[in-house]
Structure formats: C-alpha cells, structure tokens
Amino acid sequence: MRRTYLGEFEELVLLMIAILDGQAYGVTVSQEIEQHTGRVVTFGAVHNTLIRLEEKGFVTSELGGATAERGGRRKRLFKVTALGKSALTDIRQLRNNLWKLMPDATLNLSGI
C-alpha cells in the first residue's frame, strides 16, 4: 500500500488541528504553534499547509458563523479526518520505533 507522508511542518499543523478539536482556523493554528514550539510561523505558511492537507484528505473544512470581531467574516474551521488520524498514528509509531533503535550512549552528552 502506498503511503502519503507528512512533512515536518505538515505534521505540526495537523497535530495542532487535532489538539484544537474543531476550533482550528488559520490564525489559531499559527498562534498555537508559535506558543507551544517557540517557532515563528507566518499565516501564509500555515494557510498553504492547510490547503495541502485538505487536498491530501487529512483534514476537512467548513465555514463557521460570522462574528462581529471579524467584521462579519466567517472563519474556515478545520477538522482532522480518519485518514489524518491514521497518518498521525503512523508517524507517531514510526518515530517511537526509531527512538527505540537509538543506542543509549548516542545522546549521552556528559562526556562533552
């Protein structure tokens, strides 16, 4: 079976959408990634990644209600699909398996 792999930033965005659990839209995803990783991300990078994840079938989106704080504009809210959940599970399992292969002494920095 052919897999669709996630890039590192795609993984971060997809994880954040899952964490935000139905409240994920471009701005919140950007802010939360910055807050939790210390990594500065642009809205454009997140927006392009959201589109790419939707094209790959990892997320779906729908327009939320209009809000006064946004001048009556509606937010596009994102949710992780079953395929997206499967991709996150697969990447987590792969990373865990690779970490288990790491010899204990490899990251021992006490000798430096």
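Buried means under 20% relative accessible area, exposed means over 50%, and partly exposed is in between, using a 1.4 Å probe and protein chains only. The model here is predicted, so to speak by its own rules: local features need pLDDT of at least 70, side-chain atom pairs count only at pLDDT 80 or more, and totals for chains, interfaces and linings use all residues. Residues are numbered from 1 along each chain as its sequence is written, and side-chain values use heavy atoms, with hydrogens and water left out.

**Exercise 1. Find out how much of the protein is buried, and how its overall dimensions look.**

Step 1: Start with burial: 31% of the 112 residues count as buried.

Step 2: Now take the radius of gyration, worked out over C-alpha atoms, with a globule rule of 2.2 Å times the number of residues to the power 0.38. The protein comes out at 17 Å, while a compact globule of 112 residues would be near 13 Å.

Step 3: Along the principal axes, the C-alpha atoms fill roughly 60 × 40 × 20 Å.

**Exercise 2. Is Tyr5 buried or exposed, and what does Tyr5 touch?**

Step 1: Locate Tyr5 in the segment before helix H1 (8–20).

Step 2: Check its area: at 56% relative accessible area, Tyr5 is exposed.

Step 3: Look for contacts (heavy atoms within 4.5 Å). Leaving aside residues up to four places away in sequence, Tyr5 touches Glu10 and Lys56.

Step 4: Compare sequence and space for one of these pairs. Tyr5 and Lys56 sit 51 residues apart in sequence, and their C-alpha atoms are 10.0 Å apart.

**Exercise 3. Work out where Thr81 is and which residues Thr81 touches.**

Step 1: Go to the loop between strand E2 (74–80) and helix H4 (82–101), where you'll find Thr81.

Step 2: Thr81 has a relative accessible area of 16%, so this residue is buried.

Step 3: Skip residues up to four places away in sequence, and the contacts of Thr81 are Gly57, Phe58, Val59 and Thr60.

Step 4: Zoom in on Gly57: its backbone oxygen lies 2.6 Å from a polar atom of the Thr81 side chain.

Methods
Helices (H or I, at least four residues) and strands (E, at least two) are DSSP runs, numbered from the N terminus. A polar contact is a pair of N or O atoms within 3.5 Å; within protein, one must be able to donate a hydrogen and the other to accept it, and residues adjacent in sequence count only if both atoms are side-chain atoms.
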